[in-house]
Amino acid sequence: MPLFAVEYTYTAETALGRDTHRAAHRAWLAALVECGTVLTCGPYTDDSGALVLVDADTAETVRSLVSDDPFVVHGLVPQHRITGWTPVLGCLAGARTRPGEVEADRSRT
């Protein structure tokens, strides 16, 4: 099952609103981390956006989750992109694959 990378794009015009709603946004994320749906998340160092790695069955499930994010609810994420991603090597791959799958998938990287 793939993970989903959710990429948020921020603009300078939304900075004040993001500051206002950051606590609610992070509480929303923390609840999803606690239940295992969000694996990790954080802003890009240049403040151009953020990345959220989501463990979900479908992109539609992720779209539904994202629609509840206070940043999205308040129009503070002008663009976002949801992309399925299959980790092949590393700590995320090891926790999500059965023995033998890593070797089989390595040829696709």
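1. Helices here are DSSP runs of H or I with at least four residues, strands are E runs of at least two, and both are numbered from the N terminus. Keep in mind that this is a predicted model, where local features need pLDDT of at least 70, side-chain atom pairs count only at pLDDT 80 or more, and totals for chains, interfaces and linings use all residues. Residues are numbered from 1 along each chain as its sequence is written, and side-chain values use heavy atoms, leaving out hydrogens and water.

2. The 4 strands make an open, antiparallel sheet in the order 2-3-1-4 (two strands pair if DSSP finds at least two bridges between them). Strand 2 (38–43) and strand 4 (79–85) each have a single partner strand, so one side of each has no neighbour in the sheet.

3. Thr40 sits opposite Leu53 of strand 3.

4. On to the helices. Helix 1 (residues 15–34) lies across strand 1 (3–9), strand 2 and strand 3, at about 155° to strand 2. Angles run from 0 to 180 degrees between N-to-C directions, with axes fitted to C-alpha atoms, for helices over the stretch in contact. Helix 2 (residues 59–66) also packs on the sheet, touching strands 1, 3 and 4 (contact means heavy atoms within 4.5 Å), and its direction makes about 40° with that of strand 1.

5. Among contacts between residues at least 6 apart in sequence, 66% link residues at least 24 apart.
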